[in-house]
Amino acid sequence: MEHICVNKKGRSVLEDFKLNIFEGECNAVFGFSGSGIRELGEIFSGRLRPDSGRVLVNEKEISFSEFIISEPSGVFVIDNNTVLLPELTVAENMFFGRVRNILGLKPARKDQEAYASHLLSRFGLDINIRRKGRDLPYYEMLMICLVRAYARNAKLVVLVDPPGLRDIRQGEEIVRILKILKKEGIAILWVCHRLDRIENILDGVFVIRAGKNAGTRYHESFNLRELTSLAENRRTHRETGKMPSEKNGDTVFEIRNLRYREFRELSLSFRKGCITGINANEPEVLAAIRQIMCGEVSEYEGRMRLLGEDYSPCSYEEAVIRGVQQVDVLRYENSVMPRMSVVDNMLLQNYWQQKSLLSPVNKSWHKHVKTQLMQRHRGWKLDRWEDLEPWQQQILILERNLFRPGKIVIVTEPFATFDTDTLNMATDILREMLEMDKTVIILSLNLRNLTEICEEINIIKDREQILHVCADEYKKLL
């Protein structure tokens with residue numbers, strides 16, 4: 001791709017974008033919502049034509065008047081619309097399109113199955129070749145699409161907004177298949193806003209921000225934190241030379257001279273679009289802070305301000321109306337209805353605000369949430385809440401704050417029950433909240449994990465506030 005430009009509704013969404021993919025390389029284009037990553041995916045999928053620039057496949061330019069990146073050219077695009085034909089078996093889907101003849105003759109079933117079995121065994125996959133496409137989980141569909149691309153002599157496989165490999169326990173299997181394709185000289189391009197489990201096989205990452213190439217990092221010189229910072233275009237506190245509390249105009253929530261039986265005096269401030277951690281050596285202190293901020297306790301001394309106005313809610317319902325919400329992944333069962341669908345549980349607070357579970361929620365919003373969930377968690381069973389695994393329920397409890405209005409999200413102990421992959425998923429969700437200009441406050445006894453996730457940390461020891469510092473500066477102290 002050379003000098004690609006795309007304009008939508010009079011606004012430039014891709015501007016002078018460049019991209020080079022070479023044989024046998026595995027690269028990613030990484031960016032967040034609004035960066036132009038979606039439009040780039042639409043170009044590959046054939047749903048969007050660039051306004052200017054050049055696209056060359058095998059050194060031959062594709063005319064924009066007949067623009068389509070097609071399989072005959074050796075480019076296989078796998079996106080949300082790439083699924084197996086539902087009424088055909090796995091063997092038929094893998095054979096489909098391989099043989100063309102004017103008589104429309106169909107090879108014998110045993111020949112189809114022998115061909116499919118040979119391909120699957122080549123990749124070490126144990127998939128029932130007689131199952132219908134509609135009966136397969138999404139991750140198996142994805143693996144079959146990759147194997148089919150190999151069988152059709154693909155030169156480049158483009159995965160547009162692929163499923164987060166942390167969302168499916170078979171992610172390692174997909175990575176293994178990608179390694180085989182790469183070894184066979186097939187180039188791979190991963191167009192996404194999440195880099196899940198593929199960091200170790202990437203040769204390079206192209207970061208896209210505001211429709212432009214924000215930078216390129218190669219395998220020897222990149223890490224996820226640096227890539228995220230580059231994609232967000234956020235200057236680090238170390239670069240600014242200032243403590244976060246010295247910045248003016250960004251504070252959305254303040255606690256001043258707060259006194260309660262669990263602590264002597266607290267003064268805290270929280271910035272817009274920032275993750276702030278509060279650490280204490282006693283769980284009762286963290287519980288008291290959460291209760292006061294969420295309106296569950298009213299007998300305290302001191303003052304709180306939200307967006308410059310006095311804030312002293314009498315109940316959690318009032319706190320929610322003012323824009324403060326809490327997430328407790330350890331006690332999530334109290335805020336769901338197991339027999340309801342996943343979408344309805346994600347919208348449960350909307351029903352509560354309307355005072356009735358029978359009140360209709362905007363149909364377009366309901367459809368939007370359902371579509372987002374299906375795209376974000378392909379391979380999950382999203383029909384009933386009780387069909388999900390506990391770790392999936394905890395992720396969704398955290399994630400539903402992305403679909404709610406609000407300014408402050410208070411998260412209690414997100415580290416206690418998460419393994420490494422699940423914690424990484426939770427961290428990605430927290431960063432998405434920052435993109436929506438939400439302020440995230442994490443209450444935890446685990447100081448080490450706070451330093452990995454938070455930008456600022458407040459430490460309370462023996463019921464007294466002893467330190468307010470940037471996470472990077474705290475690491476230096478360690």
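Modeller: Before we start, two strands pair if DSSP finds at least two bridges between them. Helices (H or I, at least four residues) and strands (E, at least two) are DSSP runs, numbered from the N terminus. This is a predicted model, where local features need pLDDT of at least 70, side-chain atom pairs count only at pLDDT 80 or more, and totals for chains, interfaces and linings use all residues. Residues are numbered from 1 along each chain as its sequence is written, and side-chain values use heavy atoms, with hydrogens and water left out.

Colleague: Fine. What makes strand E8 and strand E9 a pair?

Modeller: E8 (residues 156–160) and E9 (residues 187–192) share five bridges, in the parallel sense, and at least two are needed. One of the residues to look at is valine 158, whose bridge partner in E9 is leucine 189.

Colleague: Which sheet are they in, and what makes a strand an edge strand there?

Modeller: An open sheet of six strands with mixed pairing, in the order E7-E8-E9-E3-E10-E11. The edge strands, E7 (75–78) and E11 (212–218), each pair on one side only. From one strand to the next, the twist averages 15°. Helix H1 (residues 37–45) lies across E3 (26–30), E7, E8, E9 and E10 (204–209), at about 140° to E9.

Colleague: Why is helix H4 called roughly parallel to helix H5?

Modeller: The axes of H4 (residues 138–151) and H5 (residues 171–183) come within 10 Å and cross at roughly 5°. Angles under 35 degrees count as roughly parallel, over 145 as roughly antiparallel, 65 to 115 as roughly perpendicular and the rest as oblique, so H4 is roughly parallel to H5. The axes are lines fitted to C-alpha atoms, for helices over the stretch in contact, and angles run from 0 to 180 degrees between N-to-C directions.

Colleague: Which residues make that contact?

Modeller: With contact meaning heavy atoms within 4.5 Å, H4 brings Tyr139, Leu142, Met143, Leu146 and Tyr150, and H5 brings Glu173, Ile174, Ile177, Leu178 and Leu181.

Colleague: Why is leucine 307 called partly exposed?

Modeller: Buried means under 20% relative accessible area, exposed over 50%, partly exposed in between (1.4 Å probe, protein chains only). Leucine 307 has 47%, so partly exposed it is. Leucine 307 sits in the loop between E15 (301–306) and E16 (309–310), and has a positive phi of about 55° without being a glycine.

Colleague: And how do you know that aspartate 462 is partly exposed?

Modeller: Its relative accessible area is 48%, so aspartate 462 gets that label too. Aspartate 462 is in the loop between E20 (456–461) and E21 (464–470).
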